Amino acid sequence: MKSGSLVFLTAFVALAFSWTGFVLVPQLQLGRLEAAKTVPAGDAYPVARSGQARQGAEVYRSLGCVYCHSRQIGQQGTTVEVTLTSVGTNAANVLSAIQKAAPHLAATASLASVPQVLGQVADTALADDAVTAIAEAGGEATVAILPDGPDIRRRWGRRRSVAQDYLYDPVVQPGIRRFGPDLTDAGATRASAEWQLLHLYAPKTVVPDSTMPGYPFLFVERKIGKTPAPDALPLSGTFAPPDGHEVVPTEEAQALVAYLLSLRADAPLYESPVTPPPAPATNGVAVATK
Amino acid sequence: MKTETSQPTGTGEIEPTVTMTAIPVWLMALLFVLLFFGAWYFDLYGGWFDARVYAPYRSVPDLARYQPNSDPDANFVAFGKKLYSENCAVCHMETGVGNPANGCPPLIDSEWVHHEAPDRMIMLISRGLTGPITVNGKVYNTGTMLAVGDSLPGDEKEKSAKIAAIASYVRRHFGELPGVVKPDHAEAVRAGIKDHSGYFTAEDLMKAP
């Protein structure tokens, strides 16, 4: 070959260039990622998982949950919303303040009912100006930063996933298929351990049209002793064990549930700003036992 | 480059030779279109190589547009600033230098403003002050501060909130004290002085925390 060294060199440079871009630079940027602070509260994030939840992560991995459940939220846009929470004593004053600070917000403002969503502004600086103007007029208003996208509308997460969210995952399993829902925020939307255990044992007990297979081998069916076990599943109908028997979760099931409940990614970070909901999330849907 | 036929050789075979031809214009145009697309795509999704920038954010300045207000009390203090301009700046001036010629003490470098507990300031703003007061080593004796706080419009709760806002602004701006005075605290302090009629004196204020 006449120009073998040139071909080799060209191939080498091409490969080295892409390796630098795809491997080296991301490693330099994110390789030494450390726990960050949430914005603006300043809490440490992420929080290390409990030992049981870390064992559950291994169960999650061994059962191949990742083949049907992703753990990554996408986002298409962000809106900044101003909500009027109080008009104070002089509603007309507040209205003129809104008109002055953000005219397009005043168009729909009726001030008859509070709290009232006034509308969206371009960025948080404008929103803060509007809130200040309303405050000066004697009213009160709040600003909400609301990420938007199909995943977020399904309530799979409150904001997009970022590298920080996976910091304490020894094996990152973002997943590529969604035969089941995304689990990024599972601990917030389904915060009931009992719901999770029932769902693992027989998904149709709590989600009638679920296509997920049951994992009964994570549970033990046994004769009831002197007293029923406190952690026995409240099963009934076709799912109920034979009379005099009960279904109790094994340590693996408990660990997996502890892991699922630890899955939360709604902390507001600099790279993914979001206004957390005012009240803590409720315990998800009621357990359907009948 | 393209292959052209040239002079026939003796054996009847055609000897291929290579000559140079110009790159077609359409290829150049395509390259520029691709270059433009690449630059546009990079601007949209490249994040300018900053690890903090994820889609849908395009750059750090774009991301900064969506950052929450890092100071949750900023609006309250801004409210206080407006009230200060309307009610206090006539004598104490926007810059807080006061009007010593008319017996009005400054707020900058004032031990009263730098005082840690806000109670004295709440009392002072509520009922005003008469008699001599020493500020930064100088005695101011000729002026009387009116009961600005009590004359603010609104019910007791609103008055307390407004006085707390003014105190917050003054403490933060002239006293370099962090945090704000809570309206609840102002209300409590004002409840404690509701039996006091007329102006306070400096001695009265010294008794408060």
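**Exercise 1. Work out whether A:Leu183 is buried or exposed, and find what surrounds it.**

Step 1. Count neighbours. A:Leu183 has 26 C-beta neighbours inside 10 Å, so it counts as buried. The cut-offs go like this: 20 or more other C-beta atoms within 10 Å of a residue's own make it buried, 12 or fewer make it exposed, and anything in between is partly exposed, with C-beta atoms placed from the backbone.

Step 2. A:Leu183 sits in the loop between helix H6 (150-153) and helix H7 (186-189) of chain A. Helices (H or I, at least four residues) and strands (E, at least two) are DSSP runs, numbered from the N terminus.

Step 3. Look across the sequence. A:Ser70 is 113 residues away from A:Leu183 in sequence, yet the two are 6.4 Å apart in space, C-alpha to C-alpha. Leaving aside neighbours within four places in sequence, A:Leu183 is in contact with A:His69, A:Arg71, A:Leu260 and A:Leu263. Contact here means that two C-beta atoms, placed from the backbone, lie within 7 Å.

A word on ground rules: this is a predicted model, where local features need pLDDT of at least 70 and side-chain atom pairs count only at pLDDT 80 or more, while totals for chains, interfaces and linings use all residues. Residues are numbered from 1 along each chain as its sequence is written, and chains are lettered from A and ligands numbered from 1 in the order in which they are written.

**Exercise 2. Find out what covers helix H8 of chain A.**

Step 1. Helix H8 (residues 193-201) of chain A is mostly covered, with 7 of its 9 residues buried.

Step 2. Name them: A:Trp195, A:Gln196, A:Leu197, A:Leu198, A:His199, A:Leu200 and A:Tyr201.

Step 3. Look at the cover. It includes strand E6 (219-223), strand E7 (245-249) and helix H9 (251-262) of chain A.

**Exercise 3. Locate the largest nonpolar core.**

Step 1. Know what to look for: a nonpolar core is a set of buried Ala, Val, Leu, Ile, Met, Phe, Trp, Tyr and Cys residues joined through C-beta atoms within 7 Å.

Step 2. The largest one has 57 residues, and those touching the most other members are A:Ile98, A:Ala130, A:Ile134, B:Ile166, B:Ala167 and B:Val170. Helix H7 (residues 156-173) of chain B gives the most to this core, with 8 residues.

Step 3. Spot the other one. Apart from that core lies another of 27 residues, among them A:Cys65, A:Leu197, A:Ala258 and A:Leu260.

**Exercise 4. Describe how H3 and H7 of chain B pack.**

Step 1. Helix H3 (residues 74-87) of chain B meets H7(B) at an angle of about 95°, with the axes 7 Å apart. Axes are lines fitted to C-alpha atoms, for helices over the stretch in contact, and angles run from 0 to 180 degrees between N-to-C directions.

Step 2. H3(B) and H7(B) are therefore roughly perpendicular. For the labels, under 35 degrees is roughly parallel, over 145 roughly antiparallel, 65 to 115 roughly perpendicular and the rest oblique.

Step 3. Residues in this contact include B:Phe76 and B:Tyr84 of H3(B), and B:Ile166 and B:Arg172 of H7(B).

**Exercise 5. See how the two chains meet.**

Step 1. On chain A, 27 residues are in contact with 19 residues of chain B.

Step 2. Helix H1 (4-30), strand E3 (77-86), helix H5 (124-136) and strand E5 (140-148) of chain A each give two or more residues to the side that touches chain B. H5(A) gives the most, with 6 residues.
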